[in-house]
Amino acid sequence: MSKVLIVGGVAGGASCAARLRRLDENAEIILFERGEYISYANCGLPYHVGDVIKSRDALLLQTPAAMRAKFNIDVRIKNEVVSIDRENKAVTVKHTDTGETYTENYDTLVISTGSAPLRPPIQGIDSPRIQTLWTVPDTDRIRQFVKERGVKSAAVIGGGFIGLEMAENLRHIGLSVSIIEMLDQVMAPLDFELAQLLHENLIQNGVELHLGDGVSAFNDTGDKVDITLKSGTTVSADLVILAIGVRPNSEIAKTAGLEVNARGGIVVDDYLKTSD
């Protein structure tokens, strides 16, 4: 009987675990997730912030108990895989609550560690008023911040998918919203002409656009953040959402000596096999 360890839940890891079980009834499958949630609708997170999806429970798709009952998968939340011993085919796992560690052997290891939002080294970026949206706890934190701090205005840095969804939803709950985008258009994959339709729609919906202008510094004044743009313009907001892209969570792979590319992505072949 083969033993498969999967590092990371959500779209990659949890789907992989379910598919593996359908292919092999006898395999021992263990799924490690360092957070509390193994499966949630991450595309719905901005819409929960905007109160379009009202129920938080509607975001949660599979619980560890349901995965165990339905697929006979050993799901271990709050368990972070911190290192891989390729020679002995074992991983070291840390309980995030207690800090205690243990090892687990494998026949096959699946790395599904996902990515994390970029926070470039811009002056003032560590202010608690500057948030990113990537997980369910991020959603909780932003909703709580808006409610408790009486937030009236928000600036979204980045005009990609998440930036636009956040802008839409922050407008939906009545905030005045600005989008700051370094390129001369939102939604970089679109042709410039098509992006003009989006610009028009955003402006019609009361969103202020700052295009072709990047951020040079943030300054938390205590009740607001002053955002200085490269052009010299200053935009002030009660809340800032960073939506400027992500970086791969590939540290454990890199440390284990697996091949990664210049941007940190794990290099794989046509069958998604790594260099091991």
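These notebook entries record what I looked up in a predicted model.

**Basis.** I worked from a predicted model in which local features need pLDDT of at least 70 and side-chain atom pairs count only at pLDDT 80 or more, while totals for chains, interfaces and linings use all residues. Residues are numbered from 1 along each chain as its sequence is written, and side-chain values use heavy atoms, with hydrogens and water left out.

**Nonpolar cores.** I took a nonpolar core as a set of buried Ala, Val, Leu, Ile, Met, Phe, Trp, Tyr and Cys residues joined through side-chain atoms within 4.5 Å; buried means under 20% relative accessible area (1.4 Å probe, protein chains only). The largest core has 28 residues, and Val-156, Leu-170, Ile-179 and Leu-239 touch the most other members. Elements that each supply at least two of its residues include α4 (136–148), β12 (153–157), α5 (161–172) and β13 (176–181); helices (H or I, at least four residues) and strands (E, at least two) are DSSP runs, numbered from the N terminus. I noted a separate core of 14 residues, among them Ile-157, Val-215, Val-225 and Ile-227.

**Ile-179.** Leaving aside residues up to four places away in sequence, I found that Ile-179 touches residues including Val-156, Leu-164, Leu-202 and His-210 (contact means heavy atoms within 4.5 Å).

Strands pair if DSSP finds at least two bridges between them. β6 (residues 79–85) and β7 (residues 90–95) pair antiparallel over six bridges, with Ile-84 opposite Val-91. Four residues separate β6 from β7 in their hairpin, where Lys-89 in the turn has a positive phi of about 50 degrees. β7 also pairs antiparallel with β8 (residues 101–105), over five bridges, and Val-91 stands opposite Glu-104. In the β7–β8 hairpin, with five residues between the strands, Gly-99 takes a positive phi near 85 degrees.

Conventions
Buried < 20%, exposed > 50% of the residue type's maximum accessible area, 1.4 Å probe, protein only.
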